[in-house]
Structures are given as C-alpha cells and as structure tokens.
Amino acid sequence: MTTTRFAPSPTGYIHVGNLRTALFNYMIARKSGGTFILRIDDTDPERSKEAYVDAIKEDLEWLGLTWDRVERQSQRLDRYAEAADKLREMGRFYECFETPTELDLKRKKQLNMGKPPVYDRSALNLSEAEKQALRAERGGHWRFLLNQTRIEWEDQILGDLSIDAASVSDPVLIRGDGQVLYTLASVVDDTEMGVTHVVRGSDHVTNTATQIQIIEALGGTVPSFAHHSLLTGPQGEALSKRLGTLALRDLREQGVEPMALLSLMARLGSSDPVELRTSLDELIEGFDITHFGAAPTKFDVEDLFPLTARYLGALPYEAAAADVAAAGVPDDLAPQFWEVIRDNITTRADLAGWWQILSEGATPDVAEEDADFVAQAMALLPPLPFDATTWKSWTDAVKAETGRKGKGLFMPLRKALTGRARGPEMADFLPLMRALPKQ
Ligand SMILES: Nc1ncnc2c1ncn2[C@@H]1O[C@H](COP(=O)(O)OP(=O)(O)OP(=O)(O)O)[C@@H](O)[C@H]1O
C-alpha cells in the first residue's frame, strides 16, 4: 500500500514551498487510496515550538489536506538510538571530535588545494586512549561510514541519478550534544512506518544518496524518491520558514481561496496548464508527478488573485452566506446580493465595500466634462426603491433628453451611482440600492 509523509520541522509558519511537498505527498497517497502521514520533525528542542505544530495543522486543515495520522519524532528517540546501536555494531558508525572551527579549516585547506571539501575520516585513526581523552574534553559526534561506491536511483522527477559516495562527507547522524539528526531519524521513520514514496525538495538530493546507504545498512526497503524543484519568489529569492516569506497563513489573511492556491500549486512547474479546479478530487485525478521539471519554479502571489476571483464568481450562495452576512447584508437581500456581486470581487473581503456603496450611497466619481450631464441625469432619477426596469427606463429618458448614447451615456452614470468604473450589470445593481449616491 502506498504510504507518504509530509515531515516539516515546527520552526516557523509553513510557506508555499512546503505546501508543494505536502500537496504532492497528499495527492500521491489519496490517488491510490493509501496513507498520508503528518510527521512532525521536532528533534531539535531549541528551535521546535508547539505553537508552530498547531499552526502547521491549522494551515493544512484550511486547505483540506487531511492526514491519516500524526507522528512526532521527539517521541521516537529510543527508536533512533536503537538504529544507531545497530550501525555501531556493524562498524558503520564512528565517533568524531573535530570542532566546527577545525572542520571549517580542513574544508578551506582542501578547497585551496583544489580538492572537494569532503571529510577526511581522520577520526577513524584515533586510538581508544585518544578518543577517551577527547571525550573528556568535548562531546563526540557520530558519522555514518559510507561505502565509497556510486549510489544510483531512478528519481520520479529528476530521472536516473548517480552520485559518487566518495564525493560526499560521511554524514553526521548524532551531534555532539546527543541530538539525532534528520538524516537518521527520517530513515528510521520511513522504514518503520512503511513509507513507499518520498517526495521532497531538491535540497535533499545529497541526503537521499546517503540515506539509501543507511536504509540498506539497516535492512530496510528503499522507497521510491522524487525531488521537486524549490519554489522561489518572483525575483528568484529563496523561501524560508524562519524568515516567514510567503507563509500560508498570510495568503489566507489576504483572502486567497484554498482551491485557488491548490489549483496553482498542483500544476506550477509542470507541463500541464494551470486550471482552476473546485475540489481536491478533481486535482488528484489530473496529477502526475512525472510531469514536473527540475528547473527552479518562480511563485508569484499575484497569480492567486485572478484564480480566487474566478472561484468566487462560480460559488453558490450557500458557500458564501456567512461572508455576505458578515458584510452586513440583511438576510432577505443576501442571496440576490451574492448573485449580483460575486463576479465583481477579488476576495470575500470586497463584499463589505459593495454593501457599503449600496447601503450608504456611493461617493460619485464624476469627470469635470460630465458634471452637467450627470446633474441632468440625476434630476431624472426616480425615487428609491428601484426595480429591474429602473436602469433601462432611466437611461432611455436620459438619452432622450441629452442625446448621449453608448459608452458616453452609460459609463458616467455607472461611475456616478457606484463610484467605480467596473462592477455588476447596472440593471441588476439598481434593485439592490438602499441609498442614493452622496451629494
Ligand atoms: N522553497 C521550497 N520549495 C519547495 N519545497 C521546499 C522549499 N523549502 C522547503 N521545501 C520542502 O519542504 C519540506 C519541509 O522542509 P522543512 O520543514 O525543512 O522546511 P524549510 O522551509 O526548508 O525550513 P527552514 O527554513 O526552517 O529550514 C521539505 O521536503 C523541503 O524540501
């Protein structure tokens, strides 16, 4: 059975790049009736915050990306310790004592000599006595001993990949302070939780190479891997949870509709066109991870608003009733208001502005050259309330008296009554009016 997972660290609010990972994993699991795990990568007690765990869940729930179960890495430390023991027994785990400064110096020397900055394994030459002495002085960290072969896998997005293990440092799996690192924790979890498909950002390609060897050493089954490109901002700038750029909750604040965001994210960077979908099921049906490319993908928040507007334009009243009520529209007028206005809003927050115009009167927008014409027209306007025939009979009368027609007739009247150059059909708008434009 297909099992996938989304494994964010609770170190900030998740952003659109993280969403890409979450959505792909969600869709793969749902497409095949499999399991989608939300795995909280909270092994770093200093940076992990409970508030961010709640926020991650809230953000995913907002989008309807439901998970089948939640796992917490902080509750599985004994499992990681066991795996570490196993690697130690196999002679694939060794203790090192270099400080970050010493490692940095080594790297600089190697680079100066034109060599790749790969850890030189000098800790392997330490005697027991030397290790004991170093241990007393500073904490040791633990590295996995890579087999220096080529590591190969068929990536669902990047195609056939082959990485020379000799060009990669033996990965540190346990830090000097005893903290288990992602590379080990995620391998142990993926193996024990039966994860069949690992989809994540291309920032993890090297990790994958080393993780394949760790999985094999621990006797697990290597899952299928796919590395999608990283999303950047419109100028190519990196996203980061820590910086809070393009956080999902900010988009929600700005009125972006979940299906607008999901429709864009399910296609952006693929060979398939972005099309607005109204349900996750429809999105899942058309999803194929192999259609995604390796090139970095730019994300422009502005693309979300036309999609949001289109989504709202097709939304039935029932799905918007609460927002219409919140905008102050009385119940008896609410369904009609929604039908007339829904095509003329970008987000639900725009409803209030339209209701204000209808209920309190617009601030007319009258060009100087139209001032006399508008004054003449307003004198012909019948008293409130208006009905479905008012616009036609009024504009006919204005036309007969002023001789104006077409755009020169209709546009100044629209701007005088609504204060805006664009909006609903005026014949539909007038019956909703509860106040005349301000003088
Ligand atoms: N810009 C991005 N585009 C696409 N995927 C991303 C991007 N940034 C992170 N991811 C993916 O999101 C998943 C969760 O990663 P993680 O929690 O480490 O997020 P992060 O944004 O890299 O965090 P931080 O900024 O805290 O290091 C990973 O699979 C990672 O590859």
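Me: Where is the place of Pro258?
Reply: In this predicted model, Pro258 has its place in helix α9, which covers residues 258-265.

Me: Why is Pro258 called partly exposed?
Reply: Pro258 has 18 C-beta neighbours inside 10 Å; a residue is buried at 20 or more and exposed at 12 or fewer, with partly exposed in between, and therefore Pro258, with its 18, counts as partly exposed.

Me: With which residues is Pro258 in contact, leaving aside its neighbours within four places in sequence?
Reply: Pro258 is in contact with Trp62, Leu63 and Gly64 once those sequence neighbours are left aside. As for Leu248, the C-alpha atoms of Pro258 and Leu248 are 9.9 Å apart, and ten residues separate the two in sequence.

Me: What makes Ala320 count as buried?
Reply: Inside 10 Å, Ala320 has 21 C-beta neighbours, and since the cut-off for a buried residue is 20 or more, Ala320 counts as buried. Ala320 lies in the loop between α11 (304-313) and α12 (321-326), and, leaving aside neighbours within four places in sequence, its contacts are Leu315, Trp338 and Arg348. From Ala320 to Pro335 there are 15 residues in sequence and 9.3 Å in space, C-alpha to C-alpha.

Me: What is the phi of Arg121, and why is Arg121 called partly exposed?
Reply: Phi of Arg121 is near 60°, a positive value in a residue other than glycine. Arg121 has 14 other C-beta atoms within 10 Å, and as this count falls between the limits of 12 or fewer for exposed and 20 or more for buried, Arg121 is therefore partly exposed. Its place is the loop between α4 (100-112) and α5 (128-137).

Me: Is Leu246 buried or exposed, and how do you know?
Reply: Leu246 has 22 other C-beta atoms within 10 Å, and because 20 or more are needed for a buried residue, Leu246 is buried. Leu246 also has a positive phi, of about 50°, although it is not a glycine, and Leu246 is found in the loop between β11 (231-232) and α8 (248-253).

Me: Why is α3 called roughly perpendicular to α6?
Reply: Helix α3 (residues 77-89) and helix α6 (residues 182-192) pack at an angle of about 100°, and their axes are 10 Å apart. Angles of 65 to 115 degrees count as roughly perpendicular, so the angle of about 100° makes α3 roughly perpendicular to α6.

Me: Which residues make the contact of α3 with α6?
Reply: From α3 the contact is made by Arg79, Tyr80, Ala83 and Ala84, and from α6 by Leu184, Ala185, Val188 and Glu192. By class, these residues divide into six nonpolar, no polar and two charged.

Me: How many residues does the largest nonpolar core have, and which have the most contacts inside it?
Reply: The largest nonpolar core has 78 residues, and those with the most contacts inside it are Leu23, Ala260, Leu261, Leu262 and Met265. The largest share of this core, nine residues, is supplied by α1. Apart from it lies another core, of 15 residues, with Trp142, Val180, Leu184 and Ile214 among them.

Me: Which residues come nearest to the ligand, and what classes are found in the shell around it?
Reply: Of the 18 residues around the ligand, Gly17, Arg200, Gly201, Ser240 and Lys241 come nearest, and by class the shell has four nonpolar, nine polar and five charged residues. Helix α1 gives the largest share of this shell, four residues.

Me: Where is the cis peptide bond that has an omega of about -5°?
Reply: This cis peptide bond joins Leu384 and Pro385, and Pro385 is found in the loop between α15 (371-380) and α16 (390-402).

Technical notes:
Residues are numbered from 1 along each chain as its sequence is written. This is a predicted model: local features need pLDDT of at least 70, side-chain atom pairs count only at pLDDT 80 or more; totals for chains, interfaces and linings use all residues. Helices (H or I, at least four residues) and strands (E, at least two) are DSSP runs, numbered from the N terminus. Two residues are in contact if their C-beta atoms, placed from the backbone, lie within 7 Å. A residue is near a molecule or strand if its C-beta atom, placed from the backbone, lies within 6 Å of it. Ala, Val, Leu, Ile, Met, Phe, Trp, Tyr, Cys and Pro count as nonpolar, Asp, Glu, Lys and Arg as charged, and the others, Gly among them, as polar. A nonpolar core is a set of buried Ala, Val, Leu, Ile, Met, Phe, Trp, Tyr and Cys residues joined through C-beta atoms within 7 Å. Axes are lines fitted to C-alpha atoms, for helices over the stretch in contact, and angles run from 0 to 180 degrees between N-to-C directions. Angles under 35 degrees count as roughly parallel, over 145 as roughly antiparallel, 65 to 115 as roughly perpendicular and the rest as oblique.
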